[in-house]
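I opened this model to look up its domains, its cores and its chain contact. My entries follow.

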Number of protein chains: 2
Amino acid sequence: MSKTTVNQSATVKENLADTEQHYFNSYDHYGIHEEMLQDTVRTLSYRNAIIQNKDFFKDKIVLDVGCGTGILSMFAAKHGAKHVIGVDMSSIIEMAGRLVEINGYSDKITLLRGKLEDIDLPFPKVDIIISEWMGYFLLYESMLDTVLYARDKYLVEGGLIFPDKCSIHVAGLEDSHYKTEKLDYWQDVYGFDYSPFIPLVMREPIVDTVDNAAVNTSKNKIIEFDLNTVTLDDLVFSVPFKIISKRHDYINGLITWFDIEFPAPKGKKAITFSTGAHAPYTHWKQTVFYLADDLECEVGDVLEGQITSIPNKRNNRDLDITIEYEFKAEGVEKEERSKKNKNTYIMH
Amino acid sequence: MSKTTVNQSATVKENLADTEQHYFNSYDHYGIHEEMLQDTVRTLSYRNAIIQNKDFFKDKIVLDVGCGTGILSMFAAKHGAKHVIGVDMSSIIEMAGRLVEINGYSDKITLLRGKLEDIDLPFPKVDIIISEWMGYFLLYESMLDTVLYARDKYLVEGGLIFPDKCSIHVAGLEDSHYKTEKLDYWQDVYGFDYSPFIPLVMREPIVDTVDNAAVNTSKNKIIEFDLNTVTLDDLVFSVPFKIISKRHDYINGLITWFDIEFPAPKGKKAITFSTGAHAPYTHWKQTVFYLADDLECEVGDVLEGQITSIPNKRNNRDLDITIEYEFKAEGVEKEERSKKNKNTYIMH
């Protein structure tokens, strides 16, 4: 018998709503863990942040929210933590238990299966929360709500959250060829008119890697969250954006991405990473929103508006995103080129 | 008001088990329909089979099991059917209703949302069943059970099923580099021993496109189903296979695929398609099972054994697949190269 016990509470498990059941069972496929582990930008950023802060981790109690295979828990244990509690709802935590054991961390890491909100931790307070909770567009299917619950209930005064700062960014994108192809396809499908699909295609943001050369405007940070103070209400937002065209081109859509920052010891440069098109590949890629208009732009033309993100009422894992925009062309054919519109999207 | 009414029975919908709910809701993303429609091998085979049999379709009642966007229903209506009933559990059927309407088939196509087993068709019998029910490895998450239910309850004596013949095939595969890379990764993950992942990776068949040049044995049809006579029991099978090495190489796994055949008018060559590595791309790709051994083979060496496929007891959408094999090397180092083993897999 191993000392590492995965305290799998049948009650907790049975309490899961069925949609949650499915969500967590999808982690039973090893592929998602393979993809996340092999995302070296992601995983090494966490490791490097823990190593940079190893003086702070020394002899601390750490909570790993959504621990998965336990990689972050083992980083923390390896680099000085007194004890780490890893919590996850998925059966992958049984695998985490075996990994913790064969890697010799059974006495330093406790794994608990269940919904953090429903279980009792073996410590009343923790000094550090680590979590890789981010989803596409930062917030889609993210575990941030659970991280904030953990912060409010368990984090000691002066405790740290890894990472603790994140921001969402937007820019303009030229994507004429692919957009046209993707939309025009539905005009004639084996001789039938499938055009009612077009609004469906427009409504669904595209998660894909974007060539940075296609980004043709300035970048705009539209929102920033400090995990030490952010509240659930802050995650429902409506914020302005303003970007400026860098060349004579078309703006066919908006590209969005997020940046992440970890706490740093005093005087040290914080570990950060970006999921933007200008940065190395991550499994989050970028999220593209096609605009109803293809905006013909000249250098200096301004595209501004408002981006709103609200959980879907029917399924609060889904995000309803609205982009209102006004494109203010200057110079040649300024009136014909200027556009004003409002597009709605659903991430689901 | 359109004449095309999607008879969406709230009762039927509410009767769905939650796992089924999710399965069908996943079709709400347009991407899966885009992928299926743009699989021209798939879609054009159905269209060509209907056109080849248009004399038979003339004035017939057709049932389309799992109609999706209604493409097959519209093919049937366009090429002579008297009336088509399309049944699907997914909300995509609402889109199908709009497509049927704008393409002018409202009086020829009736769409019903629900589980075929639970709803009443407007006709006591149908002359033809069309269905694109096939899954990966032919049977994974397939709708064949519903097609057989429809056949037994609704198909007239002498009626036809499109397609009506399908078969599963197997061959040997050289994939040393990728297999080694995929398995060795887990030996050292950021300094930790993740080797307990290796059996998990081995257990999960890989759905991917395989370069036909990597297929290095003869091919073997392991099973064939005639949809006119097959029963649910026949879909649980344990069958022998025997393949012969074509070159000095390694056999690292087995590649499997399926072939499909439609009914043909007397004297005509049937429309068929294959999802094998030797055939043009389809969205089903191929399914690869890594063997525990890397078999060093010479021309003429025989690999034989037994392939068993059984629905998983806990989740009957999953398939438990077992491959028992005996590799009989001849000539140089025949004893060292000969192997006997039994591997189990789960498609989930």
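**Annotated domains**

Helices (H or I, at least four residues) and strands (E, at least two) are DSSP runs, numbered from the N terminus. UniProt, in an unreviewed entry, places "domain: Protein arginine N-methyltransferase" at residues 164–328 of chain A. It also places "domain: Methyltransferase" (unreviewed entry) at residues 62–146 of chain A. UniProt positions are in the numbering used here, feature names are shortened, and annotations may be inferred rather than shown by experiment. Over residues 62–146 of chain A I read 26% helix and 25% strand, with the end C-alpha atoms 15 Å apart.

**Ground rules**

This is a predicted model, in which local features need pLDDT of at least 70, side-chain atom pairs count only at pLDDT 80 or more, and totals for chains, interfaces and linings use all residues. Residues are numbered from 1 along each chain as its sequence is written, chains are lettered from A and ligands numbered from 1 in the order in which they are written, and side-chain values use heavy atoms, with hydrogens and water left out.

Buried means under 20% relative accessible area, exposed over 50%, partly exposed in between (1.4 Å probe, protein chains only). Of its 111 residues, A:Leu63 and A:Phe225 touch the most other members. A second, separate core has 110 residues, including B:Trp284 and B:Leu111.

I then checked helix H8 (residues 144–154) of chain B. Its buried residues include B:Leu148, B:Arg151 and B:Tyr154. The buried residues of H8(B) pack against strands E2 (61–65), E5 (126–131) and E6 (155–162) of chain B.

**Chain contact**

How many residues does the contact take from each chain? It takes 41 from chain B and 41 from chain A, where contact means heavy atoms within 4.5 Å. The two chains bury about 3900 Å² between them, 67% of it on carbon and sulfur atoms. Buried area is the accessible area (1.4 Å probe) that two parts lose on being put together, summed over both. In chain B, B:Tyr30, B:Tyr190 and B:Phe192 lose the most area to chain A, together 22% of what that side buries.

Methods: A nonpolar core is a set of buried Ala, Val, Leu, Ile, Met, Phe, Trp, Tyr and Cys residues joined through side-chain atoms within 4.5 Å.
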